[in-house]
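This report covers selected features of the model shown below.

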Amino acid sequence: MSSPPRLSLTAAHELTLDTDPYLSCDDCFDQVDQVCENLLAGQTMPRAFVVHLRACPACLEEAESLVALLADEDGRDVAATVQHFEDLTLGTT
Amino acid sequence: MSELEADPEVVRGNVGVAASADLFARLHGSGSEREDAIQDLHALMLRASRHQLGRLMASGYRDDARREEIAYSAADEATMLVLDRLDTFEGRSRFTTWAYKFAILQTATESRRLAWREGQVSIEVHDVTEAVAGTPERDLEERHFVRVVFDAMNTELTAHQREVMVAVAVDGVPTDVVAERLGTTRNAIYKVMHDARRRLRRAVVDREGAEMMELIEAGRAT
């Protein structure tokens, strides 16, 4: 039998993430194709989109996958493109 | 051989702008032209689905015969979704990029659902019993912060908010898996979390002052 979960600092951070400005998962899905293409064209991502991806691992995983697929199709360095995407979403840039 | 397969860009793996627009146009055609276009669309959905599964493989997702089953199933579902929503495509991206996201969503959702179903994960209501410094950080403020958040979880959140937050943020259960178990949507789960996070942040500020939240934000960014 596993013991009840205990609250860690990492989890406390997750629980208190600032998710304003609010963007729903549906809105994220609605925008992700355009945002990913713009990213590959050298543009930045909207702040609300970045905030959502930082707080929603499922949307983050899917957006990153789409970026990787588009980068691969365009003949780009997939790892470098994905790293750039992660820097913009999970990093401090 | 379909038109897309004959396109040299596709052989390279790049569905160009022209080919993407052409596919969109042919899907609005009729007869054999449309049937061929649907086959091409399905091939693209299968490519995207396999791509998503390949990324899961790279992160340790097991390789078994179910991968192709998942890929085809997700491609089938994505093809239907794209066809159903064809008239909602606004041209803000390439058509193929727009379509890919449906295949990735279907594949990722199904993969997570299967992984967590097999993992026999429980998301029953259970309170966090104790705040501990079970983390590398020993800083006094951080330990106090964890205690404040723990207390606020039990006093400021509704039972439903606490259930969702514990499942997602503490146990790490994917939002779409939690949504399925609770008979709701990923969108709704995210909104519950957004509201709960606001409550917890406000509680931290009310109890400890804005300085603590700023301190934690600064530590989070490093």
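The loop between H1 and H2 of chain A contains A:Pro21. The model is predicted, and in it a cis peptide bond joins A:Asp20 to A:Pro21, with omega about 0°.

Chain A and chain B touch each other: 41 residues of chain A are in contact with 50 residues of chain B. On the chain A side, the elements that give two or more residues are helix H1 (9–15), helix H2 (25–40) and helix H4 (57–73). Of these, H4(A) gives the most, with 11 residues. By class, this side of chain A has 20 nonpolar, 10 polar and 11 charged residues.

Within chain B, helix H8 (residues 159–170) packs against helix H10 (residues 186–208). Their axes are 9 Å apart and the angle is about 105°. Because angles of 65 to 115 degrees count as roughly perpendicular, H8(B) is roughly perpendicular to H10(B). The residues that make this contact are listed by helix.

| Helix | Residues in the contact |
|---|---|
| H8(B) | B:His160, B:Gln161, B:Val164, B:Met165, B:Val168 |
| H10(B) | B:Ile189, B:Val192, B:Met193, B:Asp195, B:Ala196 |

The residues of this contact between H8(B) and H10(B) divide into 7 nonpolar, 2 polar and 1 charged.

Conventions. Residues are numbered from 1 along each chain as its sequence is written. Chains are lettered from A and ligands numbered from 1 in the order in which they are written. This is a predicted model: local features need pLDDT of at least 70, side-chain atom pairs count only at pLDDT 80 or more; totals for chains, interfaces and linings use all residues. Two residues are in contact if their C-beta atoms, placed from the backbone, lie within 7 Å. Helices (H or I, at least four residues) and strands (E, at least two) are DSSP runs, numbered from the N terminus. Ala, Val, Leu, Ile, Met, Phe, Trp, Tyr, Cys and Pro count as nonpolar, Asp, Glu, Lys and Arg as charged, and the others, Gly among them, as polar. Axes are lines fitted to C-alpha atoms, for helices over the stretch in contact, and angles run from 0 to 180 degrees between N-to-C directions. Angles under 35 degrees count as roughly parallel, over 145 as roughly antiparallel, 65 to 115 as roughly perpendicular and the rest as oblique.
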